[in-house]
Amino acid sequence: MLAGLTFLFPMLLGAALLIPVLWWLLRVMPPRPRAIKFPAFFLLQGLKTDVRTASKTPWWLLLLRSLIVLLFILALSEPVLRKSEGLPGKDGPVLIVIDNGYSAAVNWGDRIARLREYMPQIGRSDRSVIFLPTAAPASDGKLRAHGPMSAGEAEKWIEALKPQSWPADHAAAAAAATEVIAAHDVSHALMLADGTAPGEVNDSRALLAALTEESGLTLLRDDRINTPHILRRNPTHPSELSLSVERLVKLSRDEKVLITAYGAEGNVIDETAFTFPAGAAKTDVTWDILGEIKSRVTRIALRQMSMASAVYLTDSQWQQHTAGVLADPKAKESASVLNEVYYLRRALAVAGKPVLGSVEELTAQPMSAVIWPDSTALTAVERVDLLNWVRAGGFLIRFAGPNLAGNPEDPLLPVSLRYGQRAMQGALTWDKPVGLGAPLEQGPLQGLNIPKDVTITRQVLASPTPEVFERTWLTLSDGTPLITGGRVGNGSVVLVHTTAGPDWSNFCYSGLYVEALQRLVSLSAGAADFRAETILSPMLLMDGFGRLETPDPRALSRAVDPRQPFKPSPETPPGIYGVEKQFTVFNLGDALEEIKPLGDVPSGVSEDTYQLAGERSLKPDLLRLALLLLLVDTLVTLFLRGVIAMPARFIRTAMVALLLVTMTAPASAQAVPAEAELMTGVYLAYVETGDQEADRISHNGLEGLRAALNLRTNVKVAGVRGVDPSSDTLYFYPFLYWPMTESQTALPASAARNIQTYLAQGGMIVFDTRDQQFAADDGRGPAGSTIGQRRLRKLTENIQISELAPVDGNHIITKSFYLLNNYPGLYTGGTLWAEKEPSSDHDGVTSVFIGGNDWASAWSEDASDRGRFMRTARNGARQREIALRFGVNLTMVALSGSYKSDQVHVPYILQRISR
Amino acid sequence: MKKDDDKRTHDNMTQAAHLAGNLPGLLLQAEKIAHTVMRGVHGRRRVGQGETFWQFREYQVGDSSRDIDWRQTAKRDAVFVRQLEWEASQTVWLYRDASESMQYRSSPKLPYKKDYAEVLLLALAMLILDGGEQVSLLGTTLAPQAHAGAAQRLHDYLPGQKEFDTPGRAIAARSNMILLSDFYFPLDRVQAFCAPLAEKEVRGLMVQITDPAEETLPFTGRIKFHDIENGKSSPVTVEQVDAVRAEYVEKFAAHRAALGDMARSFGWRLLTASTADKPEALLARIYDLLAAKG
């Protein structure tokens, strides 16, 4: 450790010679006398009181004081561990060129750490610093140097330095650098390269050459640090989840890359790992993401890379699409298989819950698309309202049917229609029902699977006008349009030329029906044909690390024209442009050229890596220790003067011990887990999943529940603990809250045994699959079909849980404290499962609850969680209240068991008594 | 402990509370100690005016004819007179020093010298009263008390007793006087007070009460001594107490010896007591001395 020790001011060490002098002085100068009031004072007068005896300051005190002085001397001489070599050159400022384009964002912290290391030594040599970032700033888009400034100011400046989300410009940097070197007498240049040549390779070379020739250059680059990746749409595969990944450094071994899909709330929807083959610069990834959640993906990113080019915003799917169906709300309960609304609801529920209502209701709330089945009759006033809504930018999906066929004169149509309908199968026709036409190569519905068995028996026909062809999105096998779409005012209308129900076709039975509807609904936020033809202003812009942020009003960012090819620049950073319903995503990856390495450097450049030299000043540590000892000395002096009483022998022992302690390395005290503490109160517990976000929510949720319990009930909950079933003792906790996360795998055997024992001892586990948003609308869905349930099944395959049944109205959970009939969390609906027949070993007390409503998110008092809850939950505060009541009931069941189940019999008993 | 001392001396509130809490205790304590000494009217074992028979003696010229015991005279050849034991009650004047120097103890385990002296004084008073003698406090206006319950009254008057040479009730000739003090003041002041009394044949007993620390000066290191009596006098800083200890002890012994010499010159006695000793033994000794002296 001492090998790399250097003193910056070794002369000061000579002051250590003074210590013997000090020793002598201290011995001669005794401590301040104790003062005593003494009765026989007159006897003392006249005594020879000035007899002094030497060496009465205790030796250990002398040692302590000498040590303090020695420490101060050492600190003042500024010892430095592993002192790094300074930059060449003598006087004059140091020019520091920093690549801060998009490709520098990867491992940005390491770069900055390395840069900071240079600051003390530059400060020591009394040189100033000029910074030249190679990416233009967002404020004015002009590349310029900053400085000269002192090393101290430079540290602050570095603080504010961020990578940009557009490429660097080495040509402009070269020009700026030449200018700076000419203006200031630059002594040396330091370049923190990100290893890429952002523009032409020659530009980068010119920059390096200019720096080398004018002032001498130290170039930092490092293949371990400079690993930018680019994620872009696979040009040969138009599907949304087919991506291509590029990298700068071709590793000689296979690289495992994690790719993650995020939802609109920043939640992880799915994650997969793929392998970058050794030596390849580019690879394609096709991601078979689960169909039902695909539409929720808004952002795909490489997990390990926090940089703008490794983030891919999925087009058109940014927002959750709320589709409204024009229908009599009373028809909600109708489940007639002949009802058009029934099919629409079933199809739309896959993506999100459709809203049913009248024109007035639907247009009053933010609605991405309104679906108008033909069977819903609208009044003239409603038609006008709907037309105005569409003209103002609304998106209407309309189905044909007898009503439309009889009234083809309607402004709410993409194409003009002929009167009447075309019947392909009927008493008086010979025609066979017609199948669907060829899959479309382009258009909004491209890429959909066209099933062969869909046949259309009746349709409405478009008038043969010139624009019909370009407005047709899907045709029948005979070429007549089945789906057409066009603009009406600022909005759009899509017409499906047949019914939404089975009256005119079996289209509604097919998978295509669901997919097409979904695609159409998703179009409402602006697909190709409907891209705004106007200029789009920035909505959310991406920063260098790939995070979306509201644009800085002072920034230069300006509106973009979606018809022009997108070019990332300070004026137009990547991000989302447009307004709430009409926006377009511009991804950095799609706009970038192939990534180019910086290549060979001119001779005369001294190269270095980003490896930290690890320079460390020992001055603060020494000063801290010296001050501590000074404090001890003060205390000891007080002891000695009798201000604080303590036996002298004890002081001596303590001093020796303290000296020993300060000489040796400080030992850190280990916190002892207080199991005894757990027995003194009720503690709520959740299972730590290893996913920080999930654990945070669980913790906040149980804290919220704890507050509610303490406020409302006599249960006084002492605290909340996170437990690890594989290592912690569980039997202290009334129940375990166990959320399902993406990363969980099957339990290890030890954990499974622990859990099983906990259950056998009468413990209770609440599994929260947190996936109710994926479940079918009625909450039933195929059993075990949702992601969370699959995860749960996998997780608990080692635990024996008896047969489960949905909780009914007589279950103890419905009346253990509050009377409840549903159990919402962040989500509503869903089924709560419990053991069908709880074991008689535990007095019939349920030991397992399983649900998917994400209760912890609802219980949490944390501001950000509440915000998320309010955005997501349908019924707001009321839903939260019920969720809390459920939590209270749950705790009551866990604590009081079947005590309240007698209440189940209360009505019966009362009846008996009255009789 | 010095702090403790300061507080006790200067903080009246604390002192008042302390005294209020302690004094009944003092009485009780005094009573306990007094009980350890055998009670009863102690005759003076000499002829005098009294009621108890002392001896028969042959008639001598000058004896009153009233004193002739005719029965004894009839039995024998000579004329006998009957003599009674001298039982005239005497007054014992008690004094305890209340100066600041008595407000001292070197360790919390020891009593304050003043407390020690007061307990001793009260116990003594109880014994004396029990013995049928009279008791009064020197330097106060308290009339000599004779009845057995007068200890309480003494106790009440005790705070009023300041200096021994404060003019108070005149001390009758041939009475007794007991001075409880540390005698840390110039001897000529004692001399000036005692000499006239000694001439009046007042029998005196001086009890020097000291703290062990005052005898041995057990401190070490560098110490600044302040005068406990007079806060204004300049303190004495002793660089090394060890170095002066021997000299101090010598001086202390010389002072005590001078005190003893002075007592003897009056025909009085000097007793020395340390607050580290139990007061019972001392009490018994004083009482014996008192009785023997007659």
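Analyst: Start with chain B. Among its contacts between residues at least 6 apart in sequence, 72% join residues at least 24 apart. Two residues are in contact if their C-beta atoms, placed from the backbone, lie within 7 Å. This is a predicted model: local features need pLDDT of at least 70, side-chain atom pairs count only at pLDDT 80 or more, and totals for chains, interfaces and linings use all residues. Residues are numbered from 1 along each chain as its sequence is written, while chains are lettered from A and ligands numbered from 1 in the order in which they are written.

Chain B holds nine helices and nine strands. Both are DSSP runs numbered from the N terminus: helices are H or I with at least four residues, strands are E with at least two. Of the 294 residues in chain B, 32% are buried. Buried means that 20 or more other C-beta atoms lie within 10 Å of the residue's own, with C-beta atoms placed from the backbone; 12 or fewer means exposed, and partly exposed lies in between.

Now the contact between the chains. Chain B brings 28 residues to it and chain A brings 22 residues. On the chain B side, α1 (2-10), β7 (223-227), β8 (236-238) and α8 (241-266) each supply at least two residues. α8(B) gives the most, with seven residues. By class, that side has twelve nonpolar, six polar and ten charged residues. Here Ala, Val, Leu, Ile, Met, Phe, Trp, Tyr, Cys and Pro count as nonpolar, Asp, Glu, Lys and Arg as charged, and the others, Gly among them, as polar.

Strands also link the chains. β2 (residues 34-38) of chain A runs parallel to β7(B), joined by five bridges. Two strands pair if DSSP finds at least two bridges between them. Arg34(A) has Ile223(B) as its bridge partner in β7(B).

Next, a sheet in chain A. Six strands form an open sheet in the order β6-β5-β4-β7-β8-β31, with mixed pairing. β6 (146-149) and β31 (605-608) of chain A each have a single partner strand, so one side of each is left without a neighbour in the sheet. From one strand to the next, the twist averages 20 degrees. Inside this sheet, β4 (residues 94-98) and β5 (residues 129-133) of chain A pair in the parallel sense over five bridges. Ile98(A) has Pro133(A) as its bridge partner in β5(A).

A helix covers part of the sheet. α7 (residues 201-215) of chain A lies across β4, β7 (188-192), β8 (217-220) and β31 of chain A, at about 155 degrees to β7(A). Axes are lines fitted to C-alpha atoms, for helices over the stretch in contact, and angles run from 0 to 180 degrees between N-to-C directions.

Last, the core. The largest nonpolar core has 79 residues; Leu95(A), Ile96(A), Val97(A), Leu132(A), Ala177(A) and Met191(A) touch the most other members. Such a core is a set of buried Ala, Val, Leu, Ile, Met, Phe, Trp, Tyr and Cys residues joined through C-beta atoms within 7 Å. Helix α6 (residues 170-183) of chain A gives the most to this core, with six residues. Leu132(A) touches residues including Leu95(A), Ala145(A), Ala173(A) and Val180(A), not counting those up to four places away in sequence. Apart from this core lies another, of 66 residues, among them Leu44(A), Trp93(B), Leu121(B) and Ala273(B).
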